[in-house]
Amino acid sequence: MENLMTPSELQKFEEKVFQLFKDKKIASPIHLRGGNEEHLIKIFKEIREEDFCVCTWASHLECLLKGVPEAALEDAILRNKSICLSFKDYNIISSAIVGGNGPIAVGLAKSIKDKKEDRKVWCFVGDMSFYTGSIQESIRYSEVHDLPITFIVADNGLS
């Protein structure tokens, strides 16, 4: 996908969400990210509109890069959906369960392969959830069955 957002625009969105949280306009947990904007932009140049992105509870940037309008994303966050964002029209699915997005992504990829569709699944996981059983099993199953899926591990250098 060709995206017009810059690293600084992505960072500003996260800063805005943080301010909304500090101002008590968001009552639920949020999970902010930063520092990997350039890497994400590069990855999203490979992602097509028809592809699926299956994300973690920290998916604001992925949503923006997949084309979700800032206003729609902000509205969902204000409705306390920050850690479980899903936008059907943009093929975005998020899970707030650690490692829960792996099996979802594998199911989507298996369906795509069975239907012989020209689509792909991009599964974003954190560096800690990468080591969980559900993600490891999802990766292995995907490899054995040659599924149209790519796993991306966000490494914040802490885990």
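**Figure 1. Strands β1 and β3 side by side in the sheet.** In this predicted model, β1 and β3 pair in the parallel sense, joined by three bridges, where two strands count as paired if DSSP finds at least two bridges between them. Within this pairing, F52 stands opposite V121 in β3. β1 is also joined to β2 by three bridges, and these two strands run parallel, with C55 standing opposite S94 in β2. From β1, F52 and V54 point one way while C53 and C55 point the other way, and all of them are buried; buried means under 20% relative accessible area, exposed means over 50%, and partly exposed lies in between, with a 1.4 Å probe and protein chains only. Helices (H or I, at least four residues) and strands (E, at least two) are DSSP runs, numbered from the N terminus. Residues are numbered from 1 along each chain as its sequence is written. As the model is predicted, local features need pLDDT of at least 70 and side-chain atom pairs count only at pLDDT 80 or more, whereas totals for chains, interfaces and linings use all residues, and side-chain values use heavy atoms, with hydrogens and water left out.

Figure 2. Strands of a sheet pair through backbone hydrogen bonds, either parallel or antiparallel. Here four strands form an open sheet in the order β2-β1-β3-β4, and the pairing is parallel. The edges are taken by β2 (92-94) and β4 (149-154), each with a single partner strand, so one side of each is left without a neighbour in the sheet. From one strand to the next, the twist averages 20°. Strand β3 (residues 121-126) pairs with β4 in the parallel sense over six bridges, and V125 has V153 in β4 as its bridge partner. Helix α2 lies across β1 (52-55), β3 and β4 and runs at about 165° to β3, the axes being lines fitted to C-alpha atoms, for helices over the stretch in contact, and the angles running from 0 to 180 degrees between N-to-C directions. Helix α5 (residues 101-115) also packs on the sheet, where it touches β1, β2, β3 and β4, and its direction makes about 170° with that of β3; contact means heavy atoms within 4.5 Å.

**Figure 3. Helix α1 and its buried face.** The 16 residues of helix α1 (residues 7-22) should span 22 Å at 1.5 Å a residue, and its end C-alpha atoms are 23 Å apart, which agrees; the expected span is 1.5 Å times one less than the number of residues. In α1, the residues L10, F13, E14, V17 and L20 are buried. Seen down the axis of α1, these buried residues fall within an arc of 115°, so they line one face of the helix, the arc being that of the directions from the helix axis to the C-beta atoms. On the other side of α1, K12 and E15 are exposed. The buried residues of α1 pack against α2 (37-44), α3 (60-66) and α4 (70-78).

**Figure 4. Helix α2 between cover and surface.** E37, L40, I41 and F44 are the buried residues named in α2. Looking down the axis of α2, its buried residues fall within an arc of 100°, so they line one face of the helix. Elements that cover them include α1, β1, α3 and β3, whereas E38, H39 and K42, on the other side of α2, are exposed.

**Figure 5. Two nonpolar cores.** A nonpolar core is a set of buried Ala, Val, Leu, Ile, Met, Phe, Trp, Tyr and Cys residues joined through side-chain atoms within 4.5 Å. The largest one has 27 residues, and those with the most contacts inside it are C53, L73, F87 and F124. Two or more residues are given to this core by each of α1, α2, β1, α3, α4 and β3. Apart from it lies another core, of 15 residues, among them F52, A105, V106 and A109. Leaving aside neighbours within four places in sequence, F124 is in contact with residues including L40, F44, C53 and I152.

Figure 6. N91 has its place in the loop between α4 and β2 and, at 12% relative accessibility, counts as buried. Although N91 and F52 are 39 residues apart in sequence, they are 4.8 Å apart in space, C-alpha to C-alpha. F130, in the loop between β3 and α6 (133-144), is partly exposed, with a relative accessible area of 24%.
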